[in-house]
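User: Hi! I'm new to this structure and would like to know what lies behind the words used to describe it. Could you take me through a few of them?

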Amino acid sequence: MDPGNSMSWIHSFLYLCLVIASVHVLNTIFISPKLALDHQNARVKRVAPLPLRFRADGTFTILQVADMHFGNGKLTRCRDVLESEFEYCSDLNTTRFLEKMIQLENPDFVAFTGDNIFGSSASDAAESLLEAFGPVMKSGIPWAAVLGNHDQESTMTREELMSFISLMDFSLSQTFPSVEETSNHNKQHPVPKIDGFGNFDLRVWGAPGSSFANSSVLNLYFLDSGDRAFVDGIWTYDWIKESQLNWLRRVSQKVQEQKLDSKESPIVSPHSTISPSLAFFHIPIPEIKQGPIYNVVGKYREWVACSLVNSGVLNTLVSMGDVKAVFIGHDHKNDFCGTLGGLWFCYGGGFGYHGYGKAGWPRRSRVILAELAKGEKSWSGVGRIKTWKRLDDEKLSKIDEQILWERRP
Ligand SMILES: *[C@@H]1O[C@H](CO)[C@@H](O)[C@H](O)[C@H]1NC(C)=O
Ligand SMILES: *[C@@H]1O[C@H](CO)[C@@H](O)[C@H](O)[C@H]1NC(C)=O
């Protein structure tokens, strides 16, 4: 045997041993602690008590938060604030505003209408979401979010974002909708093939002890209005697709049939009409831009950034009949409510400090209050829906209070 050959074989062997030993050391010290499941910290989602329902005082309050544009928390600077405000302003101002709104309005539900995080400023989507929704998770108040056009610009796809959001504490968001089988109301099955992530509906039951304690008197529809799309060689915003509108029509029909079936109340007149519904999504529909939009309350201070494609959302909503108001975001400097085809469309107004805005024009948030009508002996169905906004100033000033809908006697 050639002694030289044998020497190099021994060297190779020793080298291999060294590599294996190094990998082993690396694994024990650095890698396996990160992979190991820490059973003490493992926890499941804290679930909101369902169903949502009106309070014993006959009210149900929703806080709408539009366009938080959360980035990396305290490291992310504010946009469009006064020069004197810039130095001490970050995403934490958005967090504090949310905490203050929750404390003051004590809502029964919080609806986030998209661009919850500003993907390109968030180095880790999951961390940004956890921080952005932190105050509402801490409050224990049920909430839901839909996506805007910026949420997916970080480390998660739209589907991943929605699944993550639906697993967060007290979240009622769903990635895919479910429909009730008519034969068995407890059995739910997912609706096949529908565009987008985050199309779902929630029902709000009547006041405890009332004739409507066990039925839905207010319905909340959530739709994914997408992000961007390339149409005929032009980049434009996305739109709500036919499959989503078909699903919405089916849900609305179910909700209305349910009402016709219910023989639980002797009070016919206030509830002989369907229970009202509210819809939430991010991108405005083209009719808001085209107009004419009537009864404007609030500020219309920027061009409406909508899709070039009109998929018939307005016609669908109008023909359904149950939707009384739609709540959108996207255009931070518009905070108005106005009517189209007899239906209210309301902007939330920009909430987040990292989102664009107008320096000296406070960030803002919308509140929606549904009030039950008085029946003969107890609370009946929804009698009135109101809305107002609050500014992030010292007093959280309340502005533009208005009635959106009232049941006709
Ligand atoms: C942001 O928060 C800080 C700390 O509370 C506060 O001093 C500052 O005025 C806030 N900035 C704005 C623009 O609200
Ligand atoms: C609602 O359901 C509860 C529990 O099943 C029942 O006790 C109550 O009578 C129901 N109320 C109405 C108005 O149907």
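Analyst: Happy to! This is a predicted model. Let's start with helix α4, residues 125-132, where Ala125, Ser128, Leu129, Glu131 and Ala132 are buried.

User: What makes those residues of α4 count as buried?

Analyst: The word applies when 20 or more other C-beta atoms lie within 10 Å of a residue's own. Ala125, Ser128, Leu129, Glu131 and Ala132 are the residues of α4 classed that way.

User: How do you know on which side of α4 they lie?

Analyst: Around the axis they span an arc of only 165°, which puts them on the same side of α4.

User: Which helices do the buried residues of α4 pack against?

Analyst: Their partners are α5 (134-139) and α6 (158-166). Contact here requires C-beta atoms within 7 Å.

User: Now the sheet of eight strands: what makes β1 and β12 its edge strands?

Analyst: The strand order is β1-β7-β8-β11-β13-β15-β14-β12, in an open sheet with mixed pairing.

User: Which helix lies across β14?

Analyst: That is α9 (residues 313-320), which also lies across β11 (277-280), β13 (323-328) and β15 (343-347). The helix runs at about 145° to β13.

User: What do β16 and β17 form?

Analyst: They form a hairpin, with four residues between them. Strands β16 (residues 364-374) and β17 (residues 379-391) pair in the antiparallel sense over 10 bridges, and Leu369 stands opposite Lys386 in β17.

User: How many bridges join β17 to β18?

Analyst: Six bridges join β17 to β18 (residues 398-406), and the two run antiparallel. Arg384 stands opposite Glu406 in β18. This hairpin has six residues between the strands, and Leu396 takes a positive phi near 45° there.

User: Finally, what classes of residue make up the shell around ligand 1?

Analyst: The shell has three nonpolar, one polar and one charged residues. Its members are Val81, Glu85, Tyr88, Cys89 and Asn93.

Technical notes
Residues are numbered from 1 along each chain as its sequence is written. Chains are lettered from A and ligands numbered from 1 in the order in which they are written. This is a predicted model: local features need pLDDT of at least 70, side-chain atom pairs count only at pLDDT 80 or more; totals for chains, interfaces and linings use all residues. A residue is buried if 20 or more other C-beta atoms lie within 10 Å of its own, exposed if 12 or fewer, and partly exposed in between; C-beta atoms are placed from the backbone. The arc is that of the directions from the helix axis to the C-beta atoms. Two residues are in contact if their C-beta atoms, placed from the backbone, lie within 7 Å. Two strands pair if DSSP finds at least two bridges between them. A residue is near a molecule or strand if its C-beta atom, placed from the backbone, lies within 6 Å of it. Ala, Val, Leu, Ile, Met, Phe, Trp, Tyr, Cys and Pro count as nonpolar, Asp, Glu, Lys and Arg as charged, and the others, Gly among them, as polar. Axes are lines fitted to C-alpha atoms, for helices over the stretch in contact, and angles run from 0 to 180 degrees between N-to-C directions.
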